[in-house]
Amino acid sequence: MPSFNIALKEAKKLLSAARKETRAADILLDDLFSMDTLSLILNGHNEMTDDDYKRYMNGVQRLLNDEPVQYITNIQYFYGRNFYVNNDTLIPRNETEELVMHVLKNTDSGVVADIGTGTGAIGITLKLERPELDVYISDISKDALEVAKKNKENLEADVKILNGDLFEPFIEQGIKVDILVSNPPYISEDELEDMSLSVKKYEPKLALFAEEQGLYFYRKMIESLDDILNDGGKAFFEIGWKEKKDVLALVDTYWPNAKREVIQDINGNDRILYIEWVK
């Protein structure tokens with residue numbers, strides 16, 4: 001059997017020939033066998049077992065079929081932690097780490113709702129970074145909530161899990177919160193052709209696409225803020241980089257007295273809608 005170094009070179013050659021991102025071969029090797037750059041320098045010459053080589057090359061074949069490496073290894077790193085992921089959930093992105101950062105920057109204490117939680121990455125991270133927060137995470141997808149539950153248990157995060165559509169489980173239980181945070185589906189169907197093959201083929205469409213040119217879930221939540229937010233509450237939404245004008249217009253339509261702004265991400269794209277809510 002080849003060494004780890006030789007297997008990595010073989011994988012990169014295959015990916016390069018297929019015009020795929022070769023960095024995924026490094027991530028795959030590290031996540032499967034804890035072979036980061038330093039480990040490769042020290043131990044990369046070691047021979048792989050037959051089973052490990054087959055496992056690695058099977059993963060490479062999945063990469064060649066455009067499957068995201070995170071679904072192959074069931075690992076995504078988010079805010080310095082290892083989250084379990086599968087194709088029942090979106091893969092948490094770096095931009096969403098910035099959403100968490102801004103929530104933490106503007107939040108000291110109180111009750112938090114993470115709506116459409118998926119993996120639970122937002123709500124679980126908020127709880128682990130700020131233990132005094134009382135955090136609820138919710139999703140309409142029971143399959144996604146199984147992933148969130150697994151992450152809750154793996155990371156020992158004391159969050160409460162609710163199943164239901166948007167605010168419904170909170171309204172049913174008479175729960176109001178001080179902080180609302182959500183990264184809802186916001187991609188318009190007409191943007192499908194611009195997306196990468198890995199996203200189109202593998203990530204759940206339920207968590208990606210929204211009607212009304214991507215604005216459906218923003219409208220549904222913004223128009224009903226009084227159903228979930230306490231007076232003086234705050235809301236944070238991740239948005240698409242072309243949606244600033246439209247989401248601000250939604251806030252102005254339903255809550256003209258609210259303070260609102262759109263915050264740019266590290267790449268200079270409009271990314272976070274922030275609302276200080278008043279009736």
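Helix 8 is followed by Glu156, whose phi is positive, near 55°; helices (H or I, at least four residues) and strands (E, at least two) are DSSP runs numbered from the N terminus. The model is predicted, so that local features need pLDDT of at least 70 and side-chain atom pairs count only at pLDDT 80 or more, whereas totals for chains, interfaces and linings use all residues. Residues are numbered from 1 along each chain as its sequence is written, and side-chain values use heavy atoms, with hydrogens and water left out.

The 14 residues of helix 8 (residues 142-155) should span 20 Å at 1.5 Å a residue, and the end C-alpha atoms are 20 Å apart, in agreement; the expected span is 1.5 Å times one less than the number of residues. Within helix 8, Ala144, Leu145, Val147, Ala148 and Asn151 are buried (under 20% relative accessible area; exposed is over 50%, partly exposed in between, with a 1.4 Å probe and protein chains only). These residues cover an arc of only 155° around the axis, which puts them on the same side of helix 8; the arc is that of the directions from the helix axis to the C-beta atoms. On the other side, Lys142 and Glu146 are exposed.

The largest nonpolar core has 36 residues, and Phe237, Leu273 and Ile275 have the most contacts inside it. Such a core is a set of buried Ala, Val, Leu, Ile, Met, Phe, Trp, Tyr and Cys residues joined through side-chain atoms within 4.5 Å; contact means heavy atoms within 4.5 Å. Apart from this core lies another, of 23 residues, among them Phe83, Val103, Val181 and Tyr274.
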